[in-house]
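Subject: Structure handover

Hello,

Here is the structure I promised you. Please open it first, then read my notes below it.

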Amino acid sequence: MPQALSEFLSDRDKAVLDSIFNPFQIGGGAEQGVDWNFDEGLSDDVQDPYEEPTPEVQESVRREIQAIKLAECGDLAKAVDVFSSAIEVAPTRRAPWNNRAQAYRLLGNDQAALADLEMALQLSGGTGRTGCRALCQRGLLHRKNGDDDAARDDFKAATNLGSKFARGQLIEMNPYAALCNQMLRDAFQKLS
């Protein structure tokens, strides 16, 4: 984006433009670091079911936090290893499956990401915060792979859970919105 133009845009405007130019990315792009605290627009009352804080769950959470920090620092390969160890300690926890899927996505391993997302959705029943995040990620992968019908299904399910991000993706997939986005891309390319 031209420097002169970016001076006039708010952070929210820049985020909207980033979502137009990078529609398949949740959080920040790889060059700007990963935002593992991505806000999909869910209200605070949408939470995952309570997990009994057994020693295994506590250790899994500790490892998951460590993996998130590694991913935020850009060490995605090591983050995948640590997410894997968090899963090994407590294999029925849904969050590390979803988070490892995001790391796989960012590494370009869509097949492994889809497998983890399927597991996260199975464990979450497609509900709660983790279920919503997994639906959004899977929807993005479907969209990236040209399966717009499957992407719409996932985004609709995530929208029903309250995701503003998924609702935005559905709007963007509307043919008229896509035409407007293309015109906006063309206008920005002419400006640069």
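The protein chain exposes about 10,500 Å². Carbon and sulfur atoms supply 52% of that area. Accessible areas come from the Shrake-Rupley method with a 1.4 Å probe, and for residues only the protein chains shown count as cover.

Some ground rules. This is a predicted model, where local features need pLDDT of at least 70 and side-chain atom pairs count only at pLDDT 80 or more, while totals for chains, interfaces and linings use all residues. Residues are numbered from 1 along each chain as its sequence is written, and side-chain values use heavy atoms, with hydrogens and water left out.

The overall fold

The protein chain has 10 helices and 0 strands. Both are DSSP runs, numbered from the N terminus: helices are H or I with at least four residues, strands are E with at least two. Along the sequence the pattern reads α-α-α-α-α-α-α-α-α-α. Of the 192 residues, 43% count as buried. Buried means under 20% relative accessible area, exposed means over 50%, and partly exposed lies in between (1.4 Å probe, protein chains only).

Now contacts, meaning heavy atoms within 4.5 Å. Take those between residues at least 6 apart in sequence: 61% join residues at least 24 apart.

The core

The largest nonpolar core holds 31 residues. Such a core is a set of buried Ala, Val, Leu, Ile, Met, Phe, Trp, Tyr and Cys residues joined through side-chain atoms within 4.5 Å. Phe-83, Cys-136, Phe-155 and Ala-158 touch the most other members. Helices that give two or more residues to this core include H3 (55-72), H4 (76-89) and H5 (95-107).

Two helix pairs

Two packed helices are described by the angle between their axes and the distance between the axes. Axes are lines fitted to C-alpha atoms, for helices over the stretch in contact, and angles run from 0 to 180 degrees between N-to-C directions.

H5 and H7 pack at about 25°, with axes 9 Å apart. So H5 is roughly parallel to H7 (under 35 degrees; over 145 is roughly antiparallel, 65 to 115 roughly perpendicular, the rest oblique). Their crossing is left-handed. That is, the near helix is turned anticlockwise from the far one by less than a right angle; clockwise would be right-handed. On the H5 side, the residues include Ala-95 and Arg-105. On the H7 side, they include Thr-130 and Leu-141.

The axes of H8 and H9 come within 8 Å and cross at roughly 145°. Among the residues making this contact are Phe-155 and Ala-158 of H8 and Met-173 of H9. H8 also passes H9 in a left-handed crossing.

Thr-159 is in H8. Thr-159 counts as partly exposed because its relative accessibility is 24%. Beyond its neighbours within four places in sequence, Thr-159 contacts Ala-166, Arg-167 and Leu-170.

Not counting residues up to four places away, Glu-64 touches Phe-83, Ala-86, Arg-93, Ala-95, Pro-96 and Asn-99.

Arg-63 is also in H3. At 23% relative accessibility, Arg-63 counts as partly exposed. Arg-63 and Val-82 are 19 residues apart in sequence and 6.3 Å apart in space, C-alpha to C-alpha.

Best wishes
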